[in-house]
Amino acid sequence: MKFAPVLLAAALAFGSAAAPAMAQGYVPDTVKKSVTTADLAAVVGALGHQVLEEGKDDGVLVLAENQDQLKYVLMGTACDMDGVPGCQGVLMQAQFELPAGTTYETVAQANLNYAALNVWVDFEQKSLGFTRYVVLDNGVTMANLKSNVEVLLSLVGDAYPVAAGEPVAEEPAAPSS
């Protein structure tokens, strides 16, 4: 799997380099109805991951990397709407260069097999992506945001070979009695 910076390059064009993430500001039971860049960086820090870049000005986003060098983006959406400061949605995404075996059919199969993700392909930009989206209506805890990132990262490794059209080992059948 090779990371593709297509979305990230555009999103972080206004970003700046940042230090390793700290878990400061991460209180698991804190309910958030909107998030800032600091909130997203706190989630990354709580996961023990590193923030590679942060958005600045109005860009509520972080580019992060886990221990396995898997890069991902957390991006605030629906920002400063209806009198609510901050962003009321969080897009979580990992994006890779398009594998040769990817077809619409393999992406559809990955979406069927891994419903907790949105698996998508952009043949023109030559990228394959995996996304989760969280709406913060009425609030979610910081622990919930962290858990959603964990779900994304834990499923990408399984969903990628399916979407890439790679052979996937079948699970052995259960013994019959």
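The protein chain has four helices and nine strands. Keep in mind that this is a predicted model. Along the sequence, the order runs α-β-β-α-β-β-β-β-α-β-β-β-α.

Some totals next. The protein chain has 177 residues, and 45% of them count as buried. Now take the contacts in the protein chain with a separation of 6 or more: 60% come from residues 24 or more positions apart.

On to helix α3. This helix covers residues 104-113. Which of its residues are buried? T106, V107 and A110 are. Look down the axis of α3: the buried residues fall within an arc of 100 degrees, so they line one face of the helix. Here is the background. An α-helix has 3.6 residues a turn, so residues three or four places apart point the same way.

What about the face turned away from the buried side? That face of α3 carries exposed residues: Y104, E105 and L112. And what covers the buried residues? The cover includes strands β7 (118-122) and β8 (127-135), along with helix α4 (142-163).

Last topic: the disulfide. Searching the whole structure gives one. C79 is joined to C87, with an S to S distance of 1.9 Å. Is this disulfide right-handed or left-handed? The torsion about the S-S bond is about 95 degrees, so the disulfide is right-handed.

Now check the two ends. C79 has a relative accessible area of 27%, so this cysteine is partly exposed. C87 has 1% relative accessibility and therefore counts as buried; the cut-off for buried is under 20%.

Notes: Residues are numbered from 1 along each chain as its sequence is written. This is a predicted model: local features need pLDDT of at least 70, side-chain atom pairs count only at pLDDT 80 or more; totals for chains, interfaces and linings use all residues. Side-chain values use heavy atoms; hydrogens and water are left out. Buried means under 20% relative accessible area, exposed over 50%, partly exposed in between (1.4 Å probe, protein chains only). Helices (H or I, at least four residues) and strands (E, at least two) are DSSP runs, numbered from the N terminus. The arc is that of the directions from the helix axis to the C-beta atoms. Contact means heavy atoms within 4.5 Å. A disulfide is a pair of cysteine sulfur atoms within 2.5 Å.
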